Amino acid sequence: MAAYSEKDVGWNAGQESSEFYRFMYVLEGNAVVTLDGQVHHIEPNRLYLIRPKTAVLYEATVHQKLKAYWCNFSVETGNFKFIKMLKQPVSFSIPIEETHQVIAMYQQMIEAKANECITTNLKLKAAILQLFCFYMDRSVIMLSRDPYFETLEGGEKWTDVIDYIENNLHHNIQIEDLAKVAYLHPNYLITSFKTVMGCSPIQYVTERRLERAKKLLRETNLPISEIAGKVGMLSHYLPRLLKRQTGVTPKDYRRIMKIYIPKMQEGMADKEVKY
C-alpha cells in the first residue's frame with residue numbers, strides 16, 4: 001500500500017504494531033510518534049523507516065499540519081540483512097535533498113495501484129526496491145557511525161572502513177588499505193565485509209563512485225573526464241560502467257536528468273492525490 005496524506009493539527013492515531021515495514025517521507029509539518037513510551041520527532045525532508053513489531057502500541061500525533069508520502073511493505077527474503085542493523089528505526093532517518101526522486105518512487109507505486117493491470121505487482125516491487133536501495137545508499141554512512149554497527153562481526157571498526165572509503169573515492173583504494181584500517185587480514189576483511197554489507201569491498205567502492213559521479217553529472221557542468229578523476233576512475237572506464245548500470249552514456253544521463261527533473265518538479269503538485 002502506498003499513498004499521499006494530509007493530516008491537520010491535532011490528528012491522532014493509535015494502533016498495535018503491524019506486520020509491515022513502513023517508509024514515510026514528510027514534505028511539510030511535524031508530528032511525534034510514540035513507541036513503548038519513547039517519543040520520536042518526525043520532521044520535514046526526511047525519510048523514515050518504521051519496522052514491524054517494534055512496540056505493543058504505536059501512536060502518532062500531528063503538531064503542525066502534516067503532508068507526507070508513505071508506503072507499507074513486507075520483506076520475505078534474506079537479502080535485506082542491512083535492515084536488521086537498525087535498532088531504533090523511527091529515530092533513524094535520512095535527510096533528503098533529492099525530493100523529486102523520492103516523490104517519483106512514491107507516485108510510481110500510487111499510480112500502479114490506481115491503474116491495476118497484469119504488471120501492477122511488478123511495478124510495485126520495482127518501485128519499493130528502488131526506494132529501499134535509495135535509503136540504503138544514503139543511510140549506510142550514517143549507520144556506520146552508530147556504536148551498534150561497530151560491534152558487528154566481532155567488533156571490527158567498520159565505521160573507520162566506511163569513512164575511509166567515502167573520503168578516498170578519488171584515490172586508488174586497495175583491499176590492503178582497508179585491511180590496515182580495520183586491523184584485519186585482507187581475506188578476512190573481504191569475507192566479513194560481504195557478510196555485513198551484502199557485497200564485496202570492491203563492489204561497494206564501485207557503487208559509491210558511480211553514485212557520486214551521477215550526482216556530479218546532475219548538479220554540475222564539469223567535463224566527464226574531470227568527474228571521472230574526482231571519483232577515482234579512468235575517463236574511459238566511467239562511461240562503460242555507467243552505461244552498464246543505467247543503459248545510457250554519461251552525456252545522455254546528464255541531458256536526461258536536466259530535462260526530466262525540472263519537468264517533474266513542475267508537474268509534481270498536480271499529481272499529488274489525497275488518500
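Guide: A polar contact is a pair of N or O atoms within 3.5 Å; within protein, one of them must be able to donate a hydrogen and the other to accept it. The model discussed here is predicted.

Visitor: Which side chain is joined to that of Ser5 by a polar contact?
Guide: Ser5 belongs to strand 1, which covers residues 2-7. Its side chain takes part in a polar contact of 2.8 Å, and the partner is the side chain of Trp70.

Visitor: Is Ser5 buried or exposed?
Guide: A residue counts as buried when its relative accessible area is under 20%. For Ser5 the value is 9%, so this residue is buried.

Visitor: How many residues has the largest nonpolar core?
Guide: Residues with the most contacts inside this core include Phe23, Cys71 and Met109. At least two core residues come from each of strand 1, strand 3 (21-35), strand 5 (46-50), strand 6 (57-73), helix 1 (99-114) and helix 2 (120-143). Another core, apart from this one, has 19 residues, among them Ile165 and Tyr204. The largest core has 27 residues.

Visitor: Which residues does Met109 contact, leaving aside neighbours within four places in sequence?
Guide: Met109 is one of the residues with the most contacts inside the largest core. With those neighbours left aside, its contacts are Ala2, Cys71, Leu124, Ala127, Ile128 and Leu131.

Visitor: What share of the contacts with a separation of 6 or more joins residues 24 or more positions apart?
Guide: The protein chain contains 11 helices and seven strands. Of its 275 residues, 43% count as buried. For contacts with a separation of 6 or more, the share from residues 24 or more positions apart is 72%.

Visitor: Where in the protein chain is confidence lowest?
Guide: The mean pLDDT of the chain is 78. Helix 9 (residues 224-230) has the highest confidence, at 94, whereas the lowest, a mean of 46, is in helix 4 (residues 152-155). Residues 151-156 have pLDDT below 50, and this stretch has 12 contacts beyond near neighbours in sequence. Where pLDDT is low, the predicted coordinates should not be read in detail; the element asked for is helix 4.

Definitions and conventions: Residues numbered from 1 in each chain as written. Predicted model: local features only at pLDDT ≥ 70, side-chain atom pairs only at ≥ 80, totals over all residues. Heavy atoms only, no water. Helix = DSSP H or I, 4+ residues; strand = E, 2+ residues; numbered from the N terminus. Buried < 20%, exposed > 50% of the residue type's maximum accessible area, 1.4 Å probe, protein only. pLDDT = per-residue confidence, 0-100. Contact = heavy atoms within 4.5 Å. Core = buried A, V, L, I, M, F, W, Y, C linked by side-chain atoms within 4.5 Å.
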